[in-house]
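Subject: A structure for you to look at

Hi there,

Here is the structure I promised to pass on to you. Please open it next to this email and follow along as you read.

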Amino acid sequence: SIPTTQWAQVVEQKGGPPIYKEIPVPKPGPDEVLVKVKYTGVCHTDLHAMKGDWPLALKLPLVGGHEGAGTVVAKGELAAGIEIGDKAGIKWLNGSCLACEFCKTSDEPLCAEAQLSGYTVDGTFQQYAIGKAAHVTKLPDNVALDAVAPILCAGITVYKGLKESGARPGQTVAIVGAGGGLGSLAQQYAKAMGLRVIAIDGGDEKRAMCEELGAEAYVDFTTSKDLVADVKAATPGGLGAHAVLLLAVSEKPFQQAVEYARPRGAIVAIGLPANAFLKAPVFDSVVKMINIKGSYVGNRQDGVEAIDFFARGLIKAPFKTVPLKDLPKVFELMEQGKIAGRYVLEIPE
Ligand code: 8ID
Ligand code: ZN
Ligand code: ZN
């Protein structure tokens with residue numbers, strides 16, 4: 001039976017910290033399901049939300065979290081396509097209108113009415129979370145709920161970003177922020193898609209992880225004397241990377257990527273450092289015919305595909321598991337850039 005109160009991490013004011021406390025269990029609306037969350041990843045977006053550093057209004061008090069894996073325990077009378085007892089994932093896109101031009105053409109992340117888990121609606125840092133039935137992702141019964149949790153944002157996002165880059169099998173992708181949560185998964189999806197990986201991040205712990213994940217080269221941005229030269233040297237013929245995935249939470253690489261992108265290369269901006277600008281020299285961008293674009297999570301089918309890669313055993317990235325009550329410690333490590341891979345929170349029974 002479903003209790004009336006539950007444990008949650010609640011951000012009560014801008015800047016946090018999250019407070020571990022008991023709050024009511026929400027009731028699903030007609031088109032919603034209630035998911036009993038077993039594990040949830042911690043995305044850097046959750047830290048941006050706590051700090052309130054994006055130009056996008058959020059809910060307060062707020063239960064963060066948008067990589068939640070668990071089981072459906074209740075549903076509204078209009079909730080179709082998913083049953084009580086099914087394993088399900090709650091993603092960043094908690095719901096959308098399903099009727100606008102973007103929703104109708106499978107670009108629902110662009111919906112003006114989009115509801116965002118752990119941002120405009122309460123997310124997965126709690127025992128019971130709500131998702132729109134149309135947007136929760138059904139999970140195969142045989143997947144491990146801890147390992148699959150980070151796929152629900154990080155995995156989907158990097159899978160979509162790689163597709164948006166247009167990079168083809170055999171080509172080289174430079175992954176900036178390769179040692180973080182998105183980056184570790186990006187390396188695995190890139191490999192599974194037949195791409196060659198150059199990992200860019202800082203420190204030896206992340207170097208070791210990237211080498212383990214199959215990167216052909218690791219460029220340390222904290223020690224490299226000439227990062228552009230080092231990245232180019234690691235690409236076939238020294239021509240530069242066919243695609244650059246920008247996942248870092250700092251502005252510099254967003255202004256530097258054009259220098260090590262291959263002519264005709266694509267630069268895909270995904271990381272969201274606060275108050276940052278994408279800047280590129282017009283001359284080089286033009287004469288190298290560079291394609292610079294943004295990529296924002298993925299649509300429902302991207303979610304299904306990203307989970308399918310995982311369920312087939314192609315995606316294995318390191319994660320550490322700690323209890324829900326330790327979220328403030330995870331945020332501290334994340335702020336200091338000390339997390340190699342992802343942290344996953346175990347939700348108490
Ligand atoms: O849909 C989207 N566009 C989307 C989806 C999910 C997350 C965007 N994001 C955003 C997050 O909000 C965040 O801004 O992507 C960014 C990365 O999220 P994350 O992977 O969850 O963060 P992390 O685990 O902290 O990893 C960031 C990595 O960047 C490295 C750090 O060392 C860390 O490993 N990094 C930094 I900071 N500066 C770097 C630099 N100059 C750098 N790596 C290379 N060069
Ligand atoms: Zn996220
Ligand atoms: Zn819409």
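Below is what was found in it, starting with the whole chain and ending with a few details.

A word on conventions: residues are numbered from 1 along each chain as its sequence is written, while chains are lettered from A and ligands numbered from 1 in the order in which they are written. Please keep in mind that this is a predicted model, where local features need pLDDT of at least 70, side-chain atom pairs count only at pLDDT 80 or more, and totals for chains, interfaces and linings use all residues.

**The whole chain**

The protein chain has 11 helices and 18 strands; these are DSSP runs numbered from the N terminus, with helices being H or I of at least four residues and strands being E of at least two. Its radius of gyration is 20 Å, close to the 20 Å from the globule rule for 349 residues, so the chain is as compact as a globular protein of that length. (That radius is taken over C-alpha atoms, and the rule is 2.2 Å times the number of residues to the power 0.38.) Along the principal axes, the C-alpha atoms fill a box of roughly 60 × 40 × 40 Å.

Of the 349 residues, 50% count as buried. Buried means that 20 or more other C-beta atoms lie within 10 Å of the residue's own; exposed means 12 or fewer, partly exposed is in between, and C-beta atoms are placed from the backbone.

The UniProt record, an unreviewed entry, places "domain: Enoyl reductase (ER)" at residues 15-345. UniProt positions follow the numbering used here, feature names are shortened, and annotations may be inferred rather than shown by experiment. Over residues 15-345 the chain is 28% helix and 26% strand.

**Strands**

Strands of a sheet pair through backbone hydrogen bonds, either parallel or antiparallel. Two strands count as paired here if DSSP finds at least two bridges between them.

Strand β1 (residues 5-11) pairs with β2 (residues 18-24) in the antiparallel sense over seven bridges, and Q9 stands opposite Y20 in β2. The two strands form a hairpin with six residues between them, and G15 in the turn has a positive phi of about 95°. They belong to an open antiparallel sheet of three strands, in the order β2-β1-β4. Its edge strands are β2 and β4 (62-63), each pairing on one side only.

For a parallel example, look at β14 (residues 241-246) and β15, joined by five bridges. V244 has I267 in β15 as its bridge partner. Seven of the nine residues of β15 (residues 261-269) are buried, so this strand is largely enclosed by the rest of the structure.

**Around ligand 1**

Which residues come nearest to ligand 1? Of the 32 residues around it, they are H44, G177, G180, L182 and A248. A residue is near if its C-beta atom, placed from the backbone, lies within 6 Å. Elements that each supply at least two residues of the shell include α1 (44-51) and α5 (181-192).

Enjoy exploring!
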